Amino acid sequence: MKNLLVVGALLLSAAPAVAQKSAQPPKSVRLYVFDCGTIKGLDPAAFHFKKEELAGVDFVVPCYLVAHPKGTLMWDVGVIPDSAFKPDGAPVTERVSTVTKPLLPQLAAVGYTPADITYFALSHYHSDHTANANAFAGSTWLVHQAERDFMFAEKPAGIIQPANYNALKNSKTTILKEDDYDVFGDGTVIIKYTPGHTPGHQVLFLKLAKTGPVLVAGDLYHYPEERNSDKTPTFEFNHDQSLASRAMIEDFLKKSKAQLWIEHDLATFNKLKKAPAFYE
Ligand SMILES: [Zn+2]
């Protein structure tokens, strides 16, 4: 018993040395990009493409954290939940998806736990974006009514994993009614309503002091080759609505001069700084 207490005391005294200090609010907006996995073996026909028409068929799955002087926003949370990892930490593969790093340790490495996350938002409800949603049920969820209604329909259907996001049902929730939602009220972090891929699909516009404007585009596009085409996936919720949202965003990109980051695009992702590095 005494030995156990000594071991316990050692562990406790060792803990502060290894634990990351909680991050202080930054002076200006920061964006962290996390590696939340890959999706391989997709059928290009599901996107109305032939393999040879695409530079690459595989997807990457990023997760994002925005740290603002007045709070934090977590945006998209992966394809396989951290709970699927075994204690050995080996990569986890589920069907076409593979994740090599769980999300929460990546967050902790930059000084954040889910309890530090003020706002939580998903580009949309597809299962490759919602894996760790339950971990953020204590944050304020920013969502459009139509998206939430679909997620909690009596018989939910589609590319969804309700078990991974069900805890959001009881989250403090802000239903977004405007086409543009200014998260922190100063124009630096704006959620833009871009329905079509799903009923309440949304994208994230950031005004970063050094980097300039960036649009984190969710699944408005999956491949760069979809731009300047009228191709949307076979599983699109509303094709015409998607084309209208894309036209609106292309116009916005011209006016704002924002960089477009297609979330699943490997070529975009490979060039990005990954956490613990950040954009500011
Ligand atoms: Zn996706």
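Which residues does Ser 127 touch, not counting residues up to four places away in sequence? They are Gly 78, Val 79, Ile 159, Ile 160 and Gln 161, where contact means heavy atoms within 4.5 Å. This is a predicted model, so local features need pLDDT of at least 70, side-chain atom pairs count only at pLDDT 80 or more, and totals for chains, interfaces and linings use all residues. Residues are numbered from 1 along each chain as its sequence is written, and side-chain values use heavy atoms, with hydrogens and water left out.

**The whole protein**

- The protein has six helices and 13 strands; these are DSSP runs numbered from the N terminus, with helices being H or I of at least four residues and strands being E of at least two.
- A compact globule of 280 residues would have a radius of gyration near 19 Å, and the protein agrees, because it has 19 Å too. (That radius is taken over C-alpha atoms, and the globule rule is 2.2 Å times the number of residues to the power 0.38.)
- Along its principal axes, the C-alpha trace spans about 70 × 40 × 40 Å.
- Of the 280 residues, 49% are buried. (Buried means under 20% relative accessible area, exposed means over 50%, and partly exposed is in between, using a 1.4 Å probe and protein chains only.)
- Take the contacts between residues at least 6 apart in sequence: 68% of them join residues at least 24 apart.

**The nonpolar cores**

- A nonpolar core is a set of buried Ala, Val, Leu, Ile, Met, Phe, Trp, Tyr and Cys residues joined through side-chain atoms within 4.5 Å.
- The largest one has 38 residues, and the members touching the most others are Phe 34, Leu 65, Met 74, Phe 120 and Leu 168.
- Strand 1, strand 2 (59-68), helix 2 (103-109) and strand 7 (140-143) each supply at least two residues of this core.
- Strand 2 gives the most, with five residues.
- Now look at Phe 34: leaving aside neighbours within four places in sequence, its contacts include Leu 65, Met 74, Leu 107 and Phe 269.
- There's also a second, separate core of 26 residues, and Phe 269 is one of its members, along with residues including Leu 176, Phe 184 and Val 216.

- Ser 127 counts as buried because its relative accessible area is 17%.
- Ala 23 sits in the loop between helix 1 (2-18) and strand 1 (30-39), and with 29% relative accessible area Ala 23 is partly exposed. Not counting residues up to four places away in sequence, Ala 23 touches Val 110, Gly 111 and Tyr 112.
- Asp 182 belongs to strand 9 (residues 180-182) and is partly exposed at 28% relative accessibility. Leaving aside neighbours within four places in sequence, Asp 182 is in contact with Gly 187, Thr 188, Val 189 and Ile 190.

**Backbone details**

- The peptide bond from Ala 275 to Pro 276 is cis, with omega near 15°, and Pro 276 lies in the segment after helix 6 (266-271).
- His 48 has a positive phi, near 65°, in a residue other than glycine. Look for His 48 in the loop between strand 1 and strand 2, where this residue is partly exposed, with 43% relative accessible area.
- Asp 76 has a positive phi as well, near 65°, and lies in the loop between strand 3 (71-75) and strand 4 (92-94). Asp 76 is buried, because its relative accessible area is 0%.
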